[in-house]
Amino acid sequence: MGIPSVPLVTKAFKDLAILNAAKRGMPHERIVFTPHPVWGKTPEELRVYVDGPDPVTGKPLMKEVVDGLTVPLSDEEKKTGIVSVSVGPPTYTDTAENLQDLYLNNGYTDFLPIVLPTEDKVNAMLKGTSHHPDEVIGKMAAGAYPPWSYTVRHVAASAVMAGCRPEYFPILLAIASTGIASLFSSTNSFAFSMIINGPIRDKLEFNYGIGALGPFAQANATIGRAWTLMSKNLGNGGIPGDTYLGSVGNNLNYNNVVIAENEEASPWDPFHVQRGFKKEENVVSLFRGLGVVPGQVARGSSVNTSPMFDAQLSDLFSTFTGFFGALVIADPLVAVRLKEQGYDTKEKLIDWLYKNTTQTVKDYKGRNYSYLFEYPQALQGVEPFATWYKLPDDAVIPHFPRASSFNIVVTGGQTNAYPQAANMSYGVSVSIDKWM
Amino acid sequence: MGMNRRKLLSLIGMSPAILAGATAEAQSKAKNKNGRSGSAAEVKLTALNPRGIPPPITLIPMAPRLATLDGKTVYLVSDGFPGADHFLDQIANWFKKNMPNVTTVYRLKAGGFADDDPKLNAEIKEKGQAVIMAIGH
Amino acid sequence: MATKSFADLAKSNASKRGMPHIRACFTPHPVWGKTAEQLMAYVEGDDPVSGKPLMKEIIDGLTVPLTAEDTKTGMMDVNVGPPVFGPDTLDNLQTHFLNNGMTDFLPVIIPTPEKVDAMLKGTSHHPDEVIGKMAAGAFAAWTYTVKQVAVNAVMAGCEPEYFPVVLAVASSGMAALGSSTTSFAYSMVINGPIRDKLNMNYTIGAMGPFAQPNATIGRAWTLVGKNLGNGGIPGDTYMGSQGNNTNYNNIVIAENEKDSPWTPFHVQKGFRPEENVVSLFSGEDIRQGHGARRAGVLENPMFDDQISDIFRTLTSQFDALVICDPLTVRRLVEQGYDTKEKLMEWLWKNTQRTAKDYRDSAFVYTFHYPRALRGEEPYATWYKCPEGTLIPYWPKPDNIVLVVAGGQTNPFFQVGNLTYRVSVSIDKWM
Amino acid sequence: MNRRKLLSLLGMSPALLAGAELGAQQPKAAKSGKVPSAGNAQFEALNPKGSPPPVRLIPMAPRLNTIHGKTIYLVDTGFMSGGVLLQQMQIWFNKNYPDVTVVFRKKAGSYMEDDPPLWKEIKEKGNAAIMAIGH
């Protein structure tokens, strides 16, 4: 901007602030730190912050602020030019045991054992696609950072490490090509999910029966895991304090909720057909949000002999934040029962859920997310938030901004009629065939 | 997170002298394991570095400092996080008490906390000489 | 006569109980939710497994004379294969473990004799000491030794220093991957100095894939459940219709005792602060608090209200495990909750619902109603009182567990519909 | 899966090596043949399995020569709508086997709990039992 300025950052973001400034070209920016948090403090308490020391340097805060704006620049601070960033040597040679420790200590893994990406293993993986190993296929930034780029061979290394077979490689390339990382940096602890559709589900022996979301098939286990390894190695994500700031963390980041749709037992169109793909196409669809919740917790979910799953799902969704979408993960038994209730298409159920999952404006305004992210949009006239914020407190409004907030997928082994639901939004669908 | 700046910069491979390989200091409890026995375990393998390609960084020179704040106008900018406004009020009070001839102007940056605000930037360039911006939670 | 989905389970259960040739027959699945007419069609129709008319099979089952096989007595050993596989290449061994259902389908460290011996150095207990019994389903508990646990700890990627924690978990006999048509979640809370000795992560990303002990100890519990408790065989000893994604790591939580003003969880359970303890939980799931309603004013959030609001969505069949970031705890202390007990009391008293909602909620009919009939309190009262009466979610404040974990980047909390089961001393297994 | 396959799975049939692998996870062809250079070193690995208890065989009760004139107990374990299914079976017996006495009983406790008084009653007054299990 050409104007001397001093960022005042709360202490918890010390490393992040220094690294971010450096990545954007100002490694010596004069950053002043305050105690953390500021949120929820009274004016008197904040006065003590201002009169007190910078908790990182120990020097008086305001002295650092004034000096930051007035002490003449050093040579370092005036430097221009381009600095390249090194990621270490192209290969490592050591015993298998020492390499496992080296990859772990370098932050290349999810801290579980990997298959070492030897030349032979990577070349075997590369046979899983017709694309050239050096083709640059995407850009990925695990948050608001300058994105890294990567080649087919880079994706192959992470795929080998995760334990994938070469036949799985096209799915990983499809995911990598979206540039979406599964370890997105925010103080929130986000969860991610992928839906797999098409004949590839059987070709690769995905599990969409009993234990569909659990550790019961190689394709489900390793493809989900590979997404986390790719986010770390290709997008520089997952470095606590630098590119990962999820305060409490999310246990779903280990496998990223891989859902192969049980198209055979479902009474409805498969998910990818709803998105405009042909039934015989192989497609992976990505989701982002907060987590997965089982349906048994919904009100009225057991006693009556003819369970009303639409009402149960609506009750479940009333506990979600409308900032993210609502993904119904229905066991085939639930889907068949819903069809018997009259929902012969996914669209009909989505329409009913959108209209019947409601909240008062007062409740809506009381939710953190709406103030931080939707109120600014309301001020700029973005609907439906602009209207919602003008309505009286007791007015009843939908819990989710649009019908498109809802999505439905069918998976499970029909041992019991339970739905699950994810507070997750649909991101993108990508053809897998393109990467064969 | 007690890393000093130099160590942090080396972390992301910034300082040409130090080979970084993004070794997150916090994670690398370099365990010296090669003492382990086992004959077949001595077989050496070569494995690929899985990292992608980080973008080069264009250095931005910092703006020249002011000789003094006396008589200057300092913009106090909040990125919108809850409590930032109260905090910047206290900064304004401090200036009023300790440097009365510094003019402070409070502004809330438009949009979400990661959005830019060209209109505000233009105003500051025109009417202000310095900026203090509050970021965090 | 079982419904079709349980065909494999019925046969294998009967075999494990001693009657491999039981004459089981099957109806279509499900029965739940079907009308009388639909169920009459089941009776008059065919057994979907054998294809023969159902009633003919039933009558034959009761009348066709027994064979010699049917009347055999005596004991029959169950074979689990040779004590050692190979010698073979690492790749072939990795494939063998995967194809024989001995892994969670992710790469394992091959348990060579050297690696297992190194792991055994992590404990003073003798390798052949039998340390527990575990049954994935409700029968046929398998037993296991320190050495057999060590094999699974190696496979999971554990270091020898983690072994006492894995032994403590295995000694509880509580199976991860327990078998039910509900897809259960599991969690372990770890307290004591061992958290720092092993470099466990209890700050930023505490519950995510950011530290070796958190990742591998949680995973070991799943491998122990599969290999030592014979669990995790879909259709046989695992029946979870949709499965639970947290079964990969089993939600390992090291409590952030340093940044917490409250007593650590193990001290609440009677252990001394310097003791190392692992506490085990099981139940439905874990969710985030973002959907909470009564958030109070944004400036100073009322986290007691928010937690109670999320409780509203839980089932009474399982208790509540609340994980608070230290910033959330600091705010709660400012609201007056200077001890965990005060907040547990407030939450228990202020999270209520009508008796009707309670009786409608899942599992209650199956598990609480029989106890109410036997006069067991508070279930007996909860079933007798009028539908509109407001009753608490759980019998007492102790059903609510509070644990502190997180890196203070923002005041968040997560809630697990998980029940505390047992605490086990880790020191005992050093 | 047929019974023989299931029994072999459990290691019940002494002849077969079990290792508890499932039909669904068909043993994939071991990746023999091209073995990576440094990877041809040979290792041994320990079997991670625990020790299953031996199984005490229970001989099945002798069959009835006929069900005509007999008393059959229909036992509902209490799962949702299980009783409705057995009531239909009762109607079927009344229509097709009028001389068979059918007694409907609900087992006490949740579906895993035992009910000794009921077993005793069936032994005394019944000749056969049909129990409904499932969802």
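**Exercises on the interface of chains D and C**

The side chains of K95(D) and E44(C) meet in a salt bridge, at 3.8 Å from N to O; a salt bridge is a side-chain nitrogen of Lys or Arg within 4 Å of a carboxyl oxygen of Asp or Glu. The model is predicted: local features need pLDDT of at least 70, side-chain atom pairs count only at pLDDT 80 or more, and totals for chains, interfaces and linings use all residues. Residues are numbered from 1 along each chain as its sequence is written, chains are lettered from A in the order in which they are written, and side-chain values use heavy atoms, without hydrogens and water.

**Exercise 1.** Determine how many residues of chain D are in contact with chain C, and what area is buried between them.

*Solution.* Step 1: 79 residues of chain D are in contact (heavy atoms within 4.5 Å) with 99 residues of chain C.
Step 2: About 8,000 Å² is buried between the two chains, 66% of it from carbon and sulfur atoms; buried area is the accessible area (1.4 Å probe) that two parts lose on being put together, summed over both.
Step 3: On the side of chain D, the most area is lost by L46(D), M60(D) and H135(D), together 10% of what that side buries.

**Exercise 2.** State how many salt bridges the rule finds across this interface.

*Solution.* The rule finds 2 salt bridges between chain D and chain C.

**Exercise 3.** Identify where Y49(A) lies, and whether the residue is buried or exposed.

*Solution.* Step 1: Y49(A) belongs to helix 2 of chain A, residues 43-51; helices are DSSP runs (H or I, at least four residues), numbered from the N terminus.
Step 2: With a relative accessible area of 11%, Y49(A) is buried, since buried means under 20% (1.4 Å probe, protein chains only).

Conventions: Helices (H or I, at least four residues) and strands (E, at least two) are DSSP runs, numbered from the N terminus. Buried means under 20% relative accessible area, exposed over 50%, partly exposed in between (1.4 Å probe, protein chains only).
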